[in-house]
Amino acid sequence: MNTILFDLDGTLLPINMKIFEKIYFKTLCEYFSDIMDAESLINHIWSSTKVMVENTEPLTNEEIFMKDFSSRVKDKFPIFKDGFSDYYNSSFLEMKSAVNVIEDLRNSVLSLKDKGYKLVLATNPLFPKDAINHRISWAGFSPDFFDYITYFEHNHYCKPQLKYYEEILRDINKKPEECLMVGNDVQEDLIAGKLGIKTYLITDNLLHKSDESICCDYKGSYMEFVNFLNSLPSLK
């Protein structure tokens, strides 16, 4: 194993997703309040996101989302398209209040670079690049720290599609057995195991949307994961 794929929200970025989601929709609806009522906007966002997540065609997530969203908001689409960019660099920043940084975790991840591991940020690419980069910085990293990041504008699939992980493997030129996927979402992150990728489930901020049994290679709290990372051998 020489490559580690990290989820972002709830993994590298300790966060309460219920609080995050509440602040997200509150600020988004306030930002566009003069264009559309909150209920309609939330419904359109969720509906277009669902279409994007279920997509299996070789189109970028941005192309899928914007095409569906434009069909819903009609003539208001140009205003939204321009406004999204401004929103993610202004009101969206309030989301930082829902974040906690674990320094031991950050330091352990930083040490992996010195040990020679390839590091991938395998966040679900539902948000534009600016929003992802902001959250990377909140976790205490810079985007160029990672060898590869999944982005809304670049990648063609979402979790829990297997195509999402297949695209990463293809882009980084790695075999499944060379990789470890780390995440806190049973459905979205552990599915990587079906391709032969080893999986580590973070049990803090655990997300499990069904009663199916949990199947992973490793699991533990943040601090147990820190110990796991610290025990990994140097590849140099």
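Lys74 is exposed in the predicted model, with a relative accessible area of 58%, where exposed denotes over 50% relative accessible area, buried under 20%, and partly exposed the range in between (1.4 Å probe, protein chains only). Residues are numbered from 1 along each chain as its sequence is written, and the model is a predicted one, in which local features need pLDDT of at least 70 and side-chain atom pairs count only at pLDDT 80 or more, while totals for chains, interfaces and linings use all residues. Side-chain values use heavy atoms, with hydrogens and water left out.

The backbone of Lys74 has a phi near 55°, a positive value in a residue other than glycine, and Lys74 is found in the loop between α3 and α4 (77-87); helices (H or I, at least four residues) and strands (E, at least two) are DSSP runs, numbered from the N terminus. A positive phi also occurs at Asn173, where the value is near 60°. Asn173 is placed in the loop between α7 and β4 (179-183) and is exposed, with a relative accessible area of 67%. Most residues other than glycine have a negative phi, and most peptide bonds are trans. A cis peptide bond, with omega of about 5°, joins Lys159 and Pro160, and Pro160 lies in the loop between β3 (148-149) and α7 (162-172).

The interior was described in terms of nonpolar cores, each a set of buried Ala, Val, Leu, Ile, Met, Phe, Trp, Tyr and Cys residues joined through side-chain atoms within 4.5 Å. The largest nonpolar core has 61 residues, and those with the most contacts inside it are Ile4, Phe6, Phe84 and Phe92. Helix α1 (residues 17-31) contributes the largest share of this core, namely six residues. Apart from this core lies another of 15 residues, among them Tyr148, Tyr164, Tyr165 and Cys179. When residues up to four places away in sequence are not counted, Phe84 touches Leu28, Phe32, Ile45, Phe65, Met66 and Phe69, contact being defined as heavy atoms within 4.5 Å.

Helix α6 (residues 129-138) is largely enclosed by the rest of the structure, because seven of its 10 residues are buried. The buried residues of α6 are Ala131, Ile132, Asn133, His134, Arg135, Ile136 and Trp138, and they pack against α1, β2 (118-121) and β3. Asp130, which also lies in α6, counts as partly exposed at 34% relative accessibility. The C-alpha atoms of Asp130 and Leu229, 99 residues apart along the chain, are separated by 28 Å. Just after α6, Gly140 takes a positive phi of about 95°.

Grid points are joined across faces, edges and corners, and a volume is the space filled by probe spheres set on the points. The largest pocket holds about 990 Å³ of space, and of the 37 residues that line this pocket, the closest to its centre are Met17, Glu21, Trp46, Leu126 and Phe127. Helices α1, α2 (38-54), α3 (61-73) and α8 (186-189) each supply at least two residues of this lining, and α1 gives the most, with six residues. By class, the lining of the largest pocket has 20 nonpolar, seven polar and 10 charged residues, where Ala, Val, Leu, Ile, Met, Phe, Trp, Tyr, Cys and Pro count as nonpolar, Asp, Glu, Lys and Arg as charged, and the others, Gly among them, as polar.

The second largest pocket has a volume of about 230 Å³, and its lining includes Val186, Gln187, Cys215, Cys216 and Asp217. The structure holds one cavity of 30 Å³ or more, which is lined by Leu12, Pro14, Val101, Ile102, Leu105, Arg106, Ala139 and Phe141. The lining of the largest cavity divides into seven nonpolar, no polar and one charged residues.

The count of disulfides comes to zero, a disulfide being a pair of cysteine sulfur atoms within 2.5 Å. The sulfur of Cys215 is 6.9 Å from the closest cysteine sulfur, in Cys216, and is therefore too far for a bond. Cys215 counts as exposed at 64% relative accessibility, whereas Cys29 is buried, with a relative accessible area of 11%.

Methods
1 Å grid on protein atoms, 1.4 Å probe; cavity = no way out; pocket = protein on both sides within 12 Å on 5 of 7 lines; lining within 4 Å.
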